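This briefing concerns the structure shown below.

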Amino acid sequence: MRHIDDDQLSLLALGAMDADPVAASHLQTCSRCRGELDALRRVVAAARVAPHLDQLSPPPARVWAAIAAAIDQPGSQVAAVKDPVTTTPASRPTRGGRSWSNKWIGVAAGFVVGALAAGSLVSLLRGGDVDNTSPDARPPGELTLAQAQLAPLGRGGIDGAAEVLDAAGGRILQVTVDAAQPNAGYREVWLLGAEDDRMVSLGVLAGTEARLTIPATLDLADYPVVDVSREPYDGDPTHSTDSISRGRLQP
Amino acid sequence: MAPRDESLSEADVVADSLIIAAAMTGLIEPQRGVIELAFYEGLTHDQIARRLDLPLGTVKSHVRRGLQRLRAALEVTDAPH
């Protein structure tokens, strides 16, 4: 009996078509075709788990130190993984007798090539070392002067919320977003004019929450829109134009 | 022994997704665009061909080879040590 051709297997794996009766019955009996289909389905499932994992930030040095310790191969092993050349499957170095699985070496390599982290894994790797300086809750006695729901914008956009608080030292913009890890670079919070004709940078959003001081002389009526941008480390302090979350302040 | 797919732990799935994400960055256009439409929008070959204005045969070839390349990335890391 003829095997299912690769194009049809691809479509089946992608769920773009259902197996016709002939193919379905063939899959029942042919372990080769079933194995092929399973392998392709695994690829598709993995890709769909996290569709935007394409801009991973390199992990900090301490992560590499932890990896080196975990595999009991300080120095050389880590250097090999950090070499971008090793990240293509064909040239990834083979390893024997190591306590660390090849899969996770591959994942480590994936980080370095610059793919973006699934939140869960990033949290895992960041461990307890997450920046704890961002506030968890609003200090008592602060009044909310205005608030905004922030809606996702563009690829990798995220939900969030912003509040203007009347704090002891002046007005604070408290921004909370749903996803902690920047895809690359860092995130910056801006207040924009209603016509998108002017903007003020309030500061950096690290983690999922930031409390940023609004200049005392700034009239929020002139800058009613809260914007969160993704900023590369390119030495250019102006807005990258890559906004990921935005919303208008309402009293 | 259970088939491999059924034995994937949650950590394996996360690892798979990171490997795939890294491997996707190695795909060149238009193959990457073709694969992304197939993955994330679930389009058929015909629909992708129309969307990207590419010949059907080219799309089929990109889907097939792209998937195989990503699969190879997973299997490299599957090798027992």
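In which helix of chain B do B:Glu75 and B:Arg71 both lie, and how many residues apart are they? Both belong to helix α4 of chain B (residues 56-78), where a spacing of 4 residues places them about one turn of the helix apart. The model is a predicted one, and the points below are grouped by topic.

- B:Glu75 and B:Arg71 form a salt bridge in which the closest N and O atoms are 2.9 Å apart.
- B:Arg71 is buried, its relative accessible area of 12% being under the 20% limit.
- B:Glu75, by contrast, counts as partly exposed, because its relative accessibility is 38%.
- B:Arg32 and B:Glu36 are separated by about one helical turn, because they are 4 residues apart in α2 of chain B.
- Both B:Arg32 and B:Glu36 are buried.

**Salt bridges: total and a pair in chain A**

- Over all chains, a search of the whole structure finds 9 salt bridges.
- One of them joins the side chains of A:Arg230 and A:Asp242, with 2.9 Å from N to O.
- A:Arg230 is in strand β7 of chain A (residues 225-231), whereas A:Asp242 is in the loop between β7 and β8 (243-248), so the bridge ties together parts 12 residues apart in sequence.
- A:Arg230 counts as buried at 10% relative accessibility, while A:Asp242, at 28%, counts as partly exposed.

**Helix packing in chain B**

- Helix α2 (residues 31-40) and helix α3 (residues 45-52) of chain B have axes that come within 10 Å and cross at roughly 130 degrees.
- The two helices are therefore oblique to each other, since this angle falls neither in the perpendicular range of 65 to 115 degrees nor over 145 degrees, where helices count as roughly antiparallel.
- The crossing of α2(B) and α3(B) is right-handed.
- On the α2(B) side, the contact is made by B:Gly33, B:Val34, B:Leu37 and B:Ala38, and on the α3(B) side by B:Ile48, B:Arg51 and B:Leu52.
- By class, the residues of this contact comprise 5 nonpolar, 1 polar and 1 charged.

**Helix packing in chain A**

- In chain A, the axes of helix α2 (residues 21-29) and helix α3 (residues 31-49) come within 6 Å and cross at roughly 100 degrees.
- This angle makes α2(A) roughly perpendicular to α3(A), because it lies in the range of 65 to 115 degrees.
- α2(A) contributes A:His26, A:Leu27, A:Gln28 and A:Thr29 to the contact, and α3(A) contributes A:Ser31, A:Cys33, A:Arg34 and A:Leu37.
- The residues of the α2(A) contact with α3(A) divide into 3 nonpolar, 4 polar and 1 charged.

**Overall make-up of chain A**

- Chain A contains 7 helices and 8 strands.
- Of its 251 residues, 44% count as buried.
- Of the contacts in chain A between residues at least 6 apart in sequence, 58% join residues at least 24 apart.

Terms used:
Residues are numbered from 1 along each chain as its sequence is written. Chains are lettered from A and ligands numbered from 1 in the order in which they are written. This is a predicted model: local features need pLDDT of at least 70, side-chain atom pairs count only at pLDDT 80 or more; totals for chains, interfaces and linings use all residues. Side-chain values use heavy atoms; hydrogens and water are left out. Axes are lines fitted to C-alpha atoms, for helices over the stretch in contact, and angles run from 0 to 180 degrees between N-to-C directions. Angles under 35 degrees count as roughly parallel, over 145 as roughly antiparallel, 65 to 115 as roughly perpendicular and the rest as oblique. A crossing is left-handed if the near helix is turned anticlockwise from the far one by less than a right angle, and right-handed if clockwise. Contact means heavy atoms within 4.5 Å. Ala, Val, Leu, Ile, Met, Phe, Trp, Tyr, Cys and Pro count as nonpolar, Asp, Glu, Lys and Arg as charged, and the others, Gly among them, as polar. A salt bridge is a side-chain nitrogen of Lys or Arg within 4 Å of a carboxyl oxygen of Asp or Glu. Buried means under 20% relative accessible area, exposed over 50%, partly exposed in between (1.4 Å probe, protein chains only).
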